[in-house]
Amino acid sequence: MGDISATVETFWATAQARDWRAFGATLADDVRYELPQTRERVAGREGVVRFNAEHLGEWSLEVERVVADSTQAVSWVRFTVDEEETTSISFFTSAPDGRIQTITDFWAAPYEPPLEREQLAERY
């Protein structure tokens, strides 16, 4: 069994590098990628690689944190897409050989807080 934390770090590093062969090597043959907010599902290594490789726009990513145990991991990643920043929280499970079996991706949409909260929190 491989180290799911290291596999997730490699997943993001190879995505940033646009090294789709190495990116695909982090994925199990029958990987499943789900985006609950848009109700999309992509099945299989080839489909997940293509889904990511053909993403439109100029984008880059920065991994903030990966937390893992022996079979699952979660990552917090900041994406910049066409000069707009957004955040992704992704949940991963490991296949028996250490590659990624499932990915569930949640994308945060930034919004302005209600005015009545301005005295309760500092903006950053």
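Analyst: Buried means under 20% relative accessible area, exposed means over 50%, and partly exposed lies in between (1.4 Å probe, protein chains only). This is a predicted model: local features need pLDDT of at least 70, side-chain atom pairs count only at pLDDT 80 or more, and totals for chains, interfaces and linings use all residues. Residues are numbered from 1 along each chain as its sequence is written, and side-chain values use heavy atoms, with hydrogens and water left out.

User: In what order do the elements of the chain run from the N terminus?

Analyst: Helices (H or I, at least four residues) and strands (E, at least two) are DSSP runs, numbered from the N terminus. The chain has 3 helices and 6 strands. From the N terminus on, their order is α-α-β-β-α-β-β-β-β.

User: What percentage of the 124 residues of the chain counts as buried?

Analyst: The C-alpha atoms fill a box of roughly 50 × 30 × 25 Å along the principal axes. Of the 124 residues, the buried share is 31%.

User: Which strands stand at the edges of the sheet?

Analyst: The sheet is open, with 6 strands in the order β2-β1-β6-β5-β4-β3 and mixed pairing. Two strands pair if DSSP finds at least two bridges between them. Each edge strand has a single partner, so one of its sides has no neighbour in the sheet. The edge strands are β2 (40-43) and β3 (59-68).

User: How many bridges join β4 to β5?

Analyst: Strand β4 spans residues 72-81, and β5 spans residues 84-94. Arg78 stands opposite Thr87 in β5. The two strands run antiparallel, and the number of bridges joining them is 10.

User: In what sense do β1 and β6 pair, parallel or antiparallel?

Analyst: Tyr33 stands opposite Ile103 in β6. β1 and β6 have 4 bridges between them. Their sense is parallel.

User: Which residue in the hairpin of β5 and β6 takes a positive phi?

Analyst: β5 and β6 pair in the antiparallel sense over 8 bridges, and Phe91 stands opposite Thr104 in β6. The hairpin has 5 residues between the strands. The positive phi, near 95°, belongs to Gly98.

User: What angle does the direction of helix α3 make with that of β1?

Analyst: Axes are lines fitted to C-alpha atoms, for helices over the stretch in contact, and angles run from 0 to 180 degrees between N-to-C directions. Contact means heavy atoms within 4.5 Å. Helix α3 (residues 45-53) packs on the sheet and touches β1 and β2. Its direction makes an angle with that of β1 of about 50°.

User: Is Ile100 buried or exposed?

Analyst: Ile100 lies in strand β6. Leaving out residues up to four places away in sequence, Ile100 touches residues including Ile4, Phe11, Leu27, Val31 and Phe92. Its relative accessible area is 0%, so Ile100 counts as buried.

User: How many residues apart in sequence are the parts tied together by Arg45 and Asp29?

Analyst: A salt bridge is a side-chain nitrogen of Lys or Arg within 4 Å of a carboxyl oxygen of Asp or Glu. Arg45 and Asp29 meet in one (2.5 Å, N to O). Arg45 lies in helix α3 and Asp29 in strand β1, so the pair ties together parts whose separation in sequence is 16 residues.

User: Is Arg45 buried, partly exposed or exposed?

Analyst: Arg45 belongs to a network of salt bridges with Asp29, Asp97 and Arg99. Its relative accessibility is 24%, so Arg45 counts as partly exposed.

User: Where does Arg99 lie?

Analyst: The side chains of Arg99 and Asp29 meet in a salt bridge (3.7 Å, N to O). The pair ties together parts 70 residues apart in sequence, because Asp29 lies in strand β1 and Arg99 in the loop between β5 and β6.

User: Is Arg50 buried or exposed?

Analyst: Arg50 meets Glu54 in a salt bridge (2.9 Å, N to O). Glu54 is partly exposed, at 49% relative accessibility. Arg50 has a relative accessible area of 54%, so Arg50 counts as exposed.

User: How many salt bridges does the count come to?

Analyst: Side chains of opposite charge can pair when their charged atoms come close. By the 4 Å rule, the count of salt bridges comes to 8.
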